[in-house]
Amino acid sequence: MEKEKFYITTPIYYPSDKLHIGHSYCTVATDTMARYKRIRGYDVMFLTGSDEHGQKIERIAKSQNVTPKQYVDKIVDWIKELWELMDISYDRYIRTTDEKHVKGVQKIFKKLYDNGDIYKSSYEGWYCTPCETFYTERQLVDGKCPDCGREVEKLKEESYFFKLSKYQERLIKHIEENVEFIQPSSRKNEMINNFLKPGLEDLCVSRTSFKWGIPVEFDKGHIVYVWIDALSNYITALGYGSEDERDFKKYWPADVHVVGKEIVRFHTIIWPAMLMALELPLPKKIFGHGWLIIDGGKMSKSKGNVVDPKELAERYGVDALRYFLLREIAFGQDGNFTNEALIQRINSDLANDLGNLLSRTVGMIEKYFNGKLPNEQKGNSFDTDVIKVAKETVEKTEEYMEKMLFSDAFAQIWVLIRRCNKYIDETCPWIIAKDEKRKDELANILYTLSESLRIVAVLISPGMPSTPNEIYKQLSIKDDNLKTWDSIKEFGKLAKDVKIEKALPVFPRIDIKKELEVLNKKAEKAQKESVCNNKGKDKEKANNFDESSFISIDDFAKVKIKTGEVIECEKLEGSDKLLVSKIKIGNDIKQIVSGIAKYYEPSQMIGKKVCVVVNLKPVKLRGVVSEGMILAASDDSGKLNVVTVDGDIGSGAEIK
Ligand code: MSP
């Protein structure tokens, strides 16, 4: 019989920087679902990839004197390494720079144009480059991007427009009639009330002011808007628009697009409207998960609070990290990330509950039966309840996994693990072991535990891909038929003569106090090492100096001033005076906090050639590291202008 298909996707990530633990969260959850469906017998297509075009990437690449492609190639390699480390079992990785995707997008654009869903006009409005999103005046909040709160840029360009407004009523109807379409359901109301009901405006879908994107085939001066480019990946990856559309025919529509909450809007409005215009079926479900937050806010490089998934995985193990992400946060809601919470979960759930259950079981089989259980076994009065809990656990885990409620699924699996540990306390095998006549009772207890552990191994396998192998190894389970989901629906499939192979504990306990000390020291060291600086010195008041205030040429030589180019700039959250700029100085990039927000909009700073004191002692301003000082001239009238250099000179040139 042909297997039923299951097509699942992650968002395609911006390779504008290395990914952090928040991105891994989304991918681990999607991977868990893909693995679950595979073990349930589906023909799974799991797609992930990278979203490589756009103005932001073009600017960063320019600042590093490389081509955008050279820039993204390096980060994409890094991302692929991360997914390998995190045991992400994707079937396909799409890059929006892939030739097949580029051609597919061009075809999609042309088809929409030919059908009259795209028309040419001119755009005048606002654009948020970090979010690569257009906004109308009324969508802005205090004149800023409603999503990220950063400055927006005024745009006036001849552009193509997609007739989004035409699909408004059909979209509302579809969302209301298909309760499963947007999950969790709270996000559905947000889409209807905040976006659809107030009215959709046609969407600007091409740009002319930069080059790094997919050219509109029939009007080469225009490039396709990144979100049209990016969303199309879900079908171009299956060959839509190419000569070979077999995968598209087989896997489309997607069973679920897993996305973070801030991009639910693009996936439940723009994407379905595009598909309606292309006369294609809509995805069955869009699951909008919450954010992994740190100290109450979203992780971001400029806040200096990003957590590196590679470091965590290497320190604590991939399965422990995956377990934490899946168990700690209810999928759909925001959740806080702390090292303490991670270590506590490892110690209590993994080392104490699961690790101990395995090592006690294996240890007792070794101690009382020389490593092999006899076939003669005799049940006890506690078995029935363990078997009942095992059965219920399989059923409930299935229910939760189908709904992508990973945290509930793991909580349920731990009900069985804890029940088994309680069973050991109830039956006291160490007392039975003293009575030679009760060997068959003892054998049965250890068999019940071994069989429960086999069931646990299968149940955790979608979320924790390598731990089950450790369990199978220690219980000498070699037969693949005992590792299937179907095999755990019946208790007792494991042969009675369990043999064991002793090994080291799967999850050693972590000394939380010592570990936190090490982590804190590391954080302090990183802070000291980060070359930083503070502006904000009092300005010189007078032009006439007495001799005592003269400095020697050697004193002056101590101050290193260089030319730099501002490549990113944003307001520091919670401050109306400070701007945080990223400045390219030769091959270096420094982050500088300066008190110039009253005089410059961040967008005015980008591209400016400024003069930077590069050897000031680093400081933290409002929790953000500042690595230097941008020189500025100010006078008593309250004017302030940053100092720039005359003529054409590159960044990193010394000012003397
Ligand atoms: N390129 C777009 C997606 C296009 S899909 C057709 C994009 N990329 S992203 O790299 O900025 O974000 C990718 C995903 O990572 C988003 O779903 C986003 O919600 C998720 N996360 C980024 N930071 C996150 C957390 N701190 N926590 C959880 N998920 C987070 O958007």
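**Close-up views of a predicted model**

**View 1. Residues around the ligand.** In this predicted model, 24 residues surround the ligand, and the closest are Ile12, Asp51, Gly260, Glu262 and Leu292; a residue is near a molecule if one of its heavy atoms lies within 4 Å of it. The shell divides into 13 nonpolar, eight polar and three charged residues, with Gly counted as polar and Tyr, Cys and Pro among the nonpolar residues. Residues are numbered from 1 along each chain as its sequence is written. Local features need pLDDT of at least 70, side-chain atom pairs count only at pLDDT 80 or more, and totals for chains, interfaces and linings use all residues, while side-chain values use heavy atoms, with hydrogens and water left out.

**View 2. Backbone atoms at the ligand.** A backbone N or O atom of Gly260 lies 2.8 Å from an oxygen atom of the ligand, and a backbone N or O atom of Tyr14 lies 3.1 Å from an oxygen atom of the ligand. For Leu292, a backbone N or O atom lies 2.8 Å from a nitrogen atom of the ligand. The protein covers 95% of the 660 Å² of accessible area that the ligand has on its own (Shrake-Rupley method, 1.4 Å probe).

**View 3. Helix α18 and its surroundings.** Within helix α18 (residues 467-474), Thr467, Pro468, Ile471, Tyr472 and Gln474 are buried, that is, under 20% relative accessible area (1.4 Å probe, protein chains only). These buried residues pack against α12 (318-328), α13 (339-369) and α17 (439-460), where helices are DSSP runs (H or I) of at least four residues, numbered from the N terminus. Just after α18, Ser476 takes a positive phi of about 50°.

Methods
A polar contact is a pair of N or O atoms within 3.5 Å; within protein, one must be able to donate a hydrogen and the other to accept it, and residues adjacent in sequence count only if both atoms are side-chain atoms. Buried means under 20% relative accessible area, exposed over 50%, partly exposed in between (1.4 Å probe, protein chains only). Helices (H or I, at least four residues) and strands (E, at least two) are DSSP runs, numbered from the N terminus. Contact means heavy atoms within 4.5 Å.
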